[in-house]
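Me: I've got this model open and want a quick walk through it. Can you take me from the sheet to the ligand and then the core?

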Amino acid sequence: MPAPSRTSDGAAPAALSARAVTKRYGALVANDGIDLDVRPGEILALLGENGAGKSTLVKILSGLVRPDSGEVTVGGARLPAADPQAARAAGIGVVHQHFMLVPDMTATENVALAQGTTGRYDAAAIRARLVEIGERHGMPVRPDVPVETLPVGERQRVEILKCLLSDARVVSSTSPAPCSPPPSGTASPRSSPSWPQRAWPSC
Ligand SMILES: Nc1ncnc2c1ncn2[C@@H]1O[C@H](COP(=O)(O)OP(=O)(O)OP(=O)(O)O)[C@@H](O)[C@H]1O
Ligand SMILES: [Mg+2]
């Protein structure tokens, strides 16, 4: 179904919406009828104690977890449940709380993998873009060494850049702050004018 360009009240549709999203793990209700709208340009913080269900919601929004009920829409178009490729194609990017990098691959190779690259690929072009975007956002990374040899803060920067280089338009970052000290003398990525227009830090 094509995405509506306007809602019934004439407003632009939310960049990302959840409606009545519920997820249970056995008797435990991790998400209980969650309604959420993220507007274009909005930065939204989702706060809750440990185990409140923040990461579960992010995983549902990014297609990693299937909700028991409810739906997710991007720009007004419904996302298929539990379909990470569809979520990524719709522009939803996640900087995960726990690293999702292949440890013995370089930053360049991890970015290529995240972009769904198969077979031969232009490693030099991906490397150049990684370096360029990293420097532009004040998040330099070494592109050619296995990420397992990088300090935690640099690995977190690789995670963020991996997300940005996948053309994400809605970025959810899950608790990156404790392991992501900004390089000294640089601006926060979120204060950068070229950071994606829609971002919502959470969990
Ligand atoms: N795969 C799973 N199987 C069973 N229970 C789960 C699973 N994933 C999450 N839970 C439970 O669901 C609840 C919500 O977990 P979730 O990770 O979403 O919380 P959170 O708000 O992100 O917590 P934190 O602040 O510690 O990251 C917790 O009680 C957790 O133990
Ligand atoms: Mg969490």
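**Sheet, ligand and core**

Reply: Strand 3 and strand 4 pair in the antiparallel sense over two bridges. Pairing needs at least two DSSP bridges between two strands. Strands are DSSP runs of E with at least two residues, helices are runs of H or I with at least four, and both are numbered from the N terminus. This is a predicted model: local features need pLDDT of at least 70, side-chain atom pairs count only at pLDDT 80 or more, and totals for chains, interfaces and linings use all residues. Residues are numbered from 1 along each chain as its sequence is written, while chains are lettered from A and ligands numbered from 1 in the order in which they are written.

Me: What order do the strands take in the open sheet?

Reply: The order is 2-1-3-4, four strands with antiparallel pairing. Strand 2 and strand 4 (77-78) are at the edges with a single partner strand each, so one side of each has no neighbour in the sheet.

Me: How many bridges join strand 1 to strand 2?

Reply: Seven, and the strands run antiparallel. Strand 1 covers residues 16-25. Val21 is opposite Ile34 of strand 2. Ser17 has Asp37 as its bridge partner in strand 2. This hairpin also has two residues between its strands, and Gly26 takes a positive phi near 65°.

Me: And over how many bridges do strand 1 and strand 3 pair?

Reply: Five, again antiparallel. Thr22 has Ser69 as its bridge partner in strand 3. Ala18 stands opposite Val72 there.

Me: Switching to helix 1. Which strands does it lie across?

Reply: Helix 1 lies across strand 1, strand 2 and strand 3 (69-74). The helix runs at about 120° to strand 1. Axes here are lines fitted to C-alpha atoms, for helices over the stretch in contact, and angles run from 0 to 180 degrees between N-to-C directions. Contact means C-beta atoms, placed from the backbone, within 7 Å.

Me: How many of its residues are buried?

Reply: Eight of eight in helix 1. Among them are Lys54 and Lys59. Buried means 20 or more other C-beta atoms within 10 Å of a residue's own; exposed means 12 or fewer, and partly exposed is in between, with C-beta atoms placed from the backbone. Just after the helix, Gly63 takes a positive phi of about 80°.

Me: Now the ligand. How many residues surround ligand 1?

Reply: There are 13, and the closest are Tyr25, Asn50, Lys54, Ser55 and Thr56. Near means a C-beta atom, placed from the backbone, within 6 Å. Strand 2 (28-38) and helix 1 (54-61) each supply at least two residues of that shell. Helix 1 gives the largest share, three residues.

Me: What's the make-up by class?

Reply: Five nonpolar, seven polar and one charged. Ala, Val, Leu, Ile, Met, Phe, Trp, Tyr, Cys and Pro count as nonpolar; Asp, Glu, Lys and Arg as charged; the others, Gly among them, as polar.

Me: Last topic. How many residues are in the largest nonpolar core?

Reply: It has 37 residues. Those with the most contacts inside it include Leu16, Leu61, Val111 and Leu161. Such a core is a set of buried Ala, Val, Leu, Ile, Met, Phe, Trp, Tyr and Cys residues joined through C-beta atoms within 7 Å. Helix 5 (residues 152-164) gives the most to this core, with five residues.

Me: What is Leu161 in contact with, leaving aside neighbours within four places in sequence?

Reply: Val111, Leu130, Ile133, Gly134, Met139 and Val141.

Terms used: Two residues are in contact if their C-beta atoms, placed from the backbone, lie within 7 Å.
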